[in-house]
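Please open the structure in a viewer and keep the sequence at hand.

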Amino acid sequence: MGKYVVVGSGQVGTHLATKLLARGHEVTVVTRSGSGPAGATRVAADVADQARLIEVTRGADALYNCVNPQYHRWLTDWPPMAASFLGAAEATGAVLVILGNLYPYGPVDGPMTEDLPLASTNPKFQVRARMWADALAAHEAGRIRVTEVRGSDYFGPGATDQSYLGDRFLVPLRAGRTIQLVWPADQPHSWTYLPDVAHALIVAGADERAWGRPWHVPTGEPRTFREMGERMAALLGLPAPRLMRLPWPVVRAAGLFSPMIGELRHTRYQFVAPYVLDSSAFQRTFGLAPTPLDEALKATLEA
């Protein structure tokens, strides 16, 4: 069995650590608070403390970057943490597996594939693009082994309150109340199932074919908010839910008081037009498929 270090214990890090533990691996979870699932060695540390991260990572097969600062802090928080991860990977030889996202692509026409340029002009999203560029340069120089795994908006058991298909969607759906949406109800959108993210991270960390390039998590066909709501309601034996979109000026006004809501203006392009992730490269290379939609939705509802 191997040794793995998972940095971050949020909606992805928890799934990842739990899956690794279930396979009999030794797992260390690093967070600022020292939290983590039962069975893991839990370490409280500042991720930007490179010496401490090196100490924790020694002897590990892979180091997983599953942390995610609040969006409005990306410009200040990501650079020192990214440098710490690179230093730890180089000093210990652990494969660095980065949990990425689709933001650096910026607005695109058509499905997103891994060979698209990271062309976003948003400074926060450019930080993520630079993180990958720096990591890839270190890989190509022979200093580290690295890969990045990218998914679309998450749903599933353990999703945080930031998930568009989390409690803010499920609570009114179950109660038969109108679901308030920030975005249009009928634009196709790719949704990535959290257990599939964890599975993809495990594969990417262990299979050398994954190293030196980014990959997209196996993700099902795009679905609209309305389609997802109707399917969940049918599984619960409920009538189709009522959906109401909040006027954009109201959302912008709320953003004056909430940094998180204020950041929505930067991701609006992802929801007012089709937003489609192509994960065929990962599926073809590693023989993995996304969890069937009904199976994923049932697990989400049961959780």
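Throughout this tour, contact means heavy atoms within 4.5 Å. The model is predicted, so local features need pLDDT of at least 70 and side-chain atom pairs count only at pLDDT 80 or more, whereas totals for chains, interfaces and linings use all residues. Residues are numbered from 1 along each chain as its sequence is written, and side-chain values use heavy atoms, with hydrogens and water left out.

**First stop: V12 and helix α1**

Select V12, which lies in helix α1. Helices (DSSP runs of H or I, at least four residues) and strands (runs of E, at least two) are numbered from the N terminus. V12 has a relative accessible area of 4% and is therefore buried; the term means under 20% relative accessible area, with exposed over 50% and partly exposed in between (1.4 Å probe, protein chains only). Apart from neighbours within four places in sequence, V12 is in contact with C66, L99, Y154, L194, V197 and L201.

Next, display α1 (residues 11-22) together with helix α6 (residues 194-206). Their axes are 9 Å apart and the helices pack at an angle of about 60 degrees. Axes are lines fitted to C-alpha atoms, for helices over the stretch in contact, and angles run from 0 to 180 degrees between N-to-C directions. The angle makes α1 oblique to α6, given that under 35 degrees counts as roughly parallel, over 145 as roughly antiparallel, 65 to 115 as roughly perpendicular and the rest as oblique. On the α1 side the contact is made by Q11, V12, H15, L16, K19 and L20, and on the α6 side by L194, P195, V197, A198, H199, L201 and I202. These divide into nine nonpolar, three polar and one charged. In this classification, Ala, Val, Leu, Ile, Met, Phe, Trp, Tyr, Cys and Pro are nonpolar, Asp, Glu, Lys and Arg are charged, and the others, Gly among them, are polar.

**Second stop: helices α3 and α4**

Select residues 74-92 (α3) and 123-140 (α4), whose axes come within 10 Å and cross at roughly 10 degrees. That makes α3 roughly parallel to α4. Contributing to the contact from α3 are W74, L75, W78, P79, A82 and L86, and from α4 P123, K124, F125, V127, R128, M131, D134 and A135. By class, this contact of α3 with α4 has eleven nonpolar, no polar and three charged residues.

Which residues of α4 are buried? Among them are F125, V127, W132 and L136. The elements covering the buried residues of α4 include β4, α3, β5, β6 and β10.

Within α3, pick S84. S84 counts as buried at 1% relative accessibility, and its contacts beyond four places in sequence are V47, A48, D49, Q50 and L53.

Move to S120, in the loop between β5 and α4. With 8% relative accessibility, S120 is counted as buried. Residues up to four places away aside, S120 touches Y103, P104, Y105, G106, F125 and Q126.

**Last stop: helix α5**

Finally, select residues 167-175, helix α5, where F169, L170, P172 and L173 are buried. Their cover includes β8, α7, β11 and α11. After α5 comes G176, with a positive phi near 75 degrees.
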